[in-house]
Amino acid sequence: MRILLSFMQDSGAAPHAIPAYRFWTYYIKNGINEAGMKWIEIPGLDWAAGMVPYEKDPALELWKQETWAQTVNYVKNNRQHFDIFLCYLYPKQIDINAIKQIRAMGVPCVNFYCDNIRSFSKLPPEFKIFDLVWVPEFEALNMYQVAGVAHIHLPMPMWVAPEYRTLPVRETGAITFIGSKDYLRAQLLANVIDKGLPVQITGTGWHNENESATVLPASNLSAKISNQLQLIRQTGLKAFAAYHVKRFNKQEPVVVPPENLFEKPDFEEYFRLSRESMITLGINRVPTFHSFGKNILTYSRLRDLEASMLGACYLTEYTEGLAHLYELGTDIETYADADELVLKSRELVRSESRRKELRAKSQQKALGAHSIPESLQKIKTRLFN
């Protein structure tokens with residue numbers, strides 16, 4: 001299968017002032033190559049640039065006009081060179097008329113989107129234009145069914161290099177969490193550390209470094225009003241109200257002991273820690289303004305695939321979607337709260353054989369059933385068989 005690709009590619013210069021995004025291009029291109037398929041890019045297009053401006057910003061409208069005009073023209077002149085158009089587009093980036101034109105030329109259009117349940121209370125109308133939407137969150141499937149949007153439930157597109165696909169030859173004594181800081185993560189980790197679990201924490205934001213801040217474009221009153229209306233459209237009035245309640249009800253500060261905080265790892269250290277830690281922890285709760293704080297939103301994240309592919313002994317926060325990826329208790333271990341996290345960590349610390357078993361089984365499952373080549377083959381079958 002030959003794939004015309006729009007997956008967060010940029011110009012290759014300095015990254016845009018939006019949260020980390022370049023890894024998506026890296027993963028999907030390598031996954032396509034491994035599948036024995038071919039990816040094709042439209043020369044000179046910066047797809048990630050469409051993520052920078054706010055909704056209704058003239059800069060966004062200009063980007064859409066120029067980008068989609070070039071895209072439609074490219075498809076007209078090169079239709080014979082690809083079979084599908086595979087995208088990772090946010091609603092504000094989508095030009096419905098352009099997608100209609102591409103489909104009318106006989107090119108099926110497939111959009112990947114994650115963070116559905118954190119972003120929307122109902123699906124945006126822009127997603128209805130695609131032949132298929134690649135949905136990684138099990139918890140979001142009902143939303144697509146209710147909206148009548150054609151979709152396929154597949155894992156997050158995760159790829160690791162072959163040199164990291166073996167089991168680690170050594171194991172440190174560390175229980176490690178690697179990830180950026182947010183209030184819910186800090187709250188949970190401070191709790192388990194207080195219960196006596198010696199977690200080593202590393203990632204962006206734990207030392208209040210400048211890089212943890214997301215740089216946002218300047219906004220005027222008109223843009224602010226537009227953004228508030230967009231928030232209501234995406235998430236509903238209840239979520240909008242909850243968001244503003246949380247803004248004015250300041251959370252109590254969470255203190256994580258400084259002796260448990262470590263410097264953000266570089267590329268190689270990141271993989272070493274993931275693979276060689278005695279236990280690698282995952283946290284699947286996410287900050288959201290969808291509720292007034294009674295329920296914590298959780299869903300399976302990209303890390304639930306990456307850690308397993310790397311051969312980690314992985315203990316992650318339970319979500320309903322995990323049971324559709326792994327045999328829980330056999331491939332990976334899960335916890336529901338701080339007490340269970342501490343209990344299962346101590347059980348794993350006592351059993352080297354159990355840790356080895358989890359490493360082997362989860363890696364085999366993730367690299368096999370949940371790989372990008374497997375997902376692409378299922379998309380191909382869905383579209384053409």
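Author: Let us begin with one residue of this predicted model. Leaving aside neighbours within four places in sequence, K365 is in contact with L325, Y326, E327, D331 and H370.

Reader: What makes these residues contacts of K365?

Author: The criterion is heavy atoms within 4.5 Å. L325, Y326, E327, D331 and H370 each meet that criterion with K365. As for L325, it lies 40 residues from K365 along the chain, and the C-alpha atoms of the two are separated by 8.3 Å.

Reader: Why is the pairing of K365 with D331 called a polar contact?

Author: A polar contact requires a pair of N or O atoms within 3.5 Å, one able to donate a hydrogen and the other to accept it. The side chains of K365 and D331 make such a contact at 2.7 Å, so the pair falls within the 3.5 Å limit.

Reader: Where is K365 placed, and why is K365 called partly exposed?

Author: K365 belongs to helix 12, which covers residues 352-368. Its relative accessible area is 27%. Buried means under 20% and exposed means over 50%, with partly exposed in between; K365 is therefore partly exposed.

Reader: Is T71 buried or exposed, and how do you know?

Author: T71, found in helix 2 (residues 58-78), has a relative accessible area of 0%. The cut-off for buried is under 20%, so T71 is buried. Not counting residues up to four places away in sequence, T71 touches I42, L45, W47, F85 and I102.

Reader: How is the packing of two helices described?

Author: Two packed helices are described by the angle between their axes and the distance between the axes. For helix 2 and helix 3 (residues 96-104), the angle is about 5° and the axes are 10 Å apart.

Reader: What makes the orientation of helix 2 and helix 3 roughly parallel?

Author: Angles under 35 degrees count as roughly parallel. With an angle of about 5°, helix 2 and helix 3 are therefore roughly parallel to each other. W68, T71, V72 and V75 in helix 2 meet A98, I99, Q101 and I102 in helix 3. By class, this contact has six nonpolar, two polar and no charged residues.

Reader: How much of the protein is buried, and how many helices and strands are there?

Author: Buried residues make up 52% of the 385 residues, and the secondary structure comprises 13 helices and 14 strands. The protein exposes about 18,000 Å², of which carbon and sulfur atoms supply 53%.

Methods:
Residues are numbered from 1 along each chain as its sequence is written. This is a predicted model: local features need pLDDT of at least 70, side-chain atom pairs count only at pLDDT 80 or more; totals for chains, interfaces and linings use all residues. Side-chain values use heavy atoms; hydrogens and water are left out. Helices (H or I, at least four residues) and strands (E, at least two) are DSSP runs, numbered from the N terminus. Buried means under 20% relative accessible area, exposed over 50%, partly exposed in between (1.4 Å probe, protein chains only). Accessible areas come from the Shrake-Rupley method with a 1.4 Å probe; for residues, only the protein chains shown count as cover. Axes are lines fitted to C-alpha atoms, for helices over the stretch in contact, and angles run from 0 to 180 degrees between N-to-C directions. Angles under 35 degrees count as roughly parallel, over 145 as roughly antiparallel, 65 to 115 as roughly perpendicular and the rest as oblique. Ala, Val, Leu, Ile, Met, Phe, Trp, Tyr, Cys and Pro count as nonpolar, Asp, Glu, Lys and Arg as charged, and the others, Gly among them, as polar.
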